[in-house]
Amino acid sequence: MSFPASAPAASVPESSYAWVRLAAAVLLSTVGGVGMWSVVVALPAVQLEFGVARAGASFPYTMTMLGFAAGGIFMGRMTDRFGIMPTIMAGTLSLGLGYILSGYAGTLWEFALIQGVLIGALGSSATFGPLLADTSRWFTRRRGIAVAICASGNYVAGTFWPPIVQHFIETEGWRQTQIGIGIACIVLMLPLALVLRRPPPSHASSQATAVFNAQGKAAQISTGTLQTLLIVAGISCCVAMSMPQVHIVAYCGDLGYGVARGAEMLSLMLGFGIVSRLASGFIADRIGGVWTLLLGSTLQGVALFLYLQFDGLTSLYVISALFGLFQGGIVPMYAIIVREYFPASQAGTRVGLVLMSTLLGMALGGWMSGAIFDLTGSYRAAFANGMAWNLVNVAIIAWLARGPRRRPALA
């Protein structure tokens, strides 16, 4: 691959600046990712505050994930037009304002609307999909591990934020905690956004198109069909994934272990998810995104089965760690698969669509598990429901894996 002679070294993929930029992206994702996790920890307090059932208390999370899903596409298009730095700055201001306003919400509907629009759609969404797509353009040979590192910021957020949020909810109340988070986001994220001011390097679109055409013929599958299969797979795996992630705090409270233990398990789960994401990046650079995704999805199903078999305190800690280790690399693999099967010129839109499907799955699964609990009075049926959705994902990815192995596109 060649680049124009006038291109500065800092604009070349895998340059030192690319790695500095990746570090800034991880920090932005870590701070901005609070939007996905704080609402999970606050679920019991919100339920008590507004006097609603478990499914109702799960509604703000569902709205957040729906907003996150739709916002990923919107923010991706905004990035294509204005660049990543203005997108991150706009998302930061929305995130800060959303948290501050949510601290004054008078009804559950107000709280859910603020979570969905300002925190989910216009805030945290800017710190995930757009950053993954942007990172994929700065790396070629090490694209798998680079995207995995960037995606790990979301799980660093899941490890870092839940214990802090739980502490301040217990000591200051959930409303003051929301306001404090909003101020912290603005103060920490705006300076980091300045690191992303350089435009990404340009690639040879003709070469990418040639790679894509060769892959399409070998796979004997239309682009529309492939995109649809990836969307269905994304929804299915994340309906399954959402059961422990969204309800582990409430589940521990119901078992009599206390919500603080549940927050610790969530943090442990996402901490091991970081390890999983990094490992999946190394694996994907060697065997491809499809096979790596199939491995992670299969093991996720195993962990869900273990949740059905054991509910002791020690067992739940161990299984939560295993669940994080098994499923942490799943979502980033969809971005890798898109870059393996489609040219760079389509990456932003197609990555946004597939990541939207995973977030829709999280939103659907979070609500569905709460509804099943309200109907049955137990989470056992909810875990079984997650296993069924996981089987759908495994079936789709196994079918795709039957085709020839793909190497990442060069552009």
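**Close-up 1. Nonpolar surface patch of I283, I287, W291 and L295.** Patches consist of residues with over 30% relative accessible area and no salt bridge, where like charges are joined within 9 Å and nonpolar side chains (Val, Leu, Ile, Met, Phe, Trp, Tyr) within 5 Å. Accessible areas are from the Shrake-Rupley method with a 1.4 Å probe, and for residues only the protein chains shown count as cover. The model is predicted: local features need pLDDT of at least 70, side-chain atom pairs count only at pLDDT 80 or more, and totals for chains, interfaces and linings use all residues. Residues are numbered from 1 along each chain as its sequence is written, and side-chain values use heavy atoms, with hydrogens and water left out. In this view, I283, I287, W291 and L295 make a nonpolar patch of about 330 Å². The elements giving two or more residues to the patch are α12 (259–287) and α13 (289–309); helices (H or I, at least four residues) and strands (E, at least two) are DSSP runs, numbered from the N terminus. W291 is located in helix α13 and is partly exposed, at 40% relative accessible area. The burial classes are buried (under 20% relative accessible area), exposed (over 50%) and partly exposed (in between), with a 1.4 Å probe and protein chains only.

**Close-up 2. F282 in helix α12.** F282 is partly exposed, its relative accessible area being 46%. A separation of 9.5 Å is found between the C-alpha atoms of F282 and R143, which are 139 residues apart along the chain.

**Close-up 3. The salt bridge between E14 and R142.** A salt bridge is a side-chain nitrogen of Lys or Arg within 4 Å of a carboxyl oxygen of Asp or Glu. The whole structure contains 4 salt bridges. In the pair shown, the closest N and O atoms of E14 and R142 are 2.9 Å apart. This pair links distant parts of the chain, 128 residues apart: E14 is in the segment before α1 (16–32), and R142 is in the loop between α7 (129–136) and α8 (143–172). E14 is buried at 14% relative accessibility, whereas R142 is partly exposed at 36%.

**Close-up 4. The salt bridge between R21 and D134.** The closest N and O atoms of this pair are 3.0 Å apart.

**Close-up 5. The salt bridge between R261 and E264.** Here the closest N and O atoms lie 2.8 Å apart. R261 and E264 are both in helix α12, with 3 residues, about one turn of the helix, between their positions. R261 is partly exposed at 29% relative accessibility, and E264 is partly exposed at 35%.

**Close-up 6. Cysteines C237 and C238.** A disulfide is a pair of cysteine sulfur atoms within 2.5 Å, and the whole structure has 0 disulfides. C237 is in no disulfide; the nearest cysteine sulfur is that of C238, 3.6 Å away. C237 is buried, at 0% relative accessibility.

**Close-up 7. Helix α5 (residues 84–102) and its packing.** The expected span of a helix is 1.5 Å times one less than its number of residues. Buried residues of α5 include I84, G91, L95 and Y99. The buried residues of α5 pack against α1, α2 (34–41), α4 (54–82), α6 (108–121), α7 and α9 (174–193), where contact means heavy atoms within 4.5 Å.
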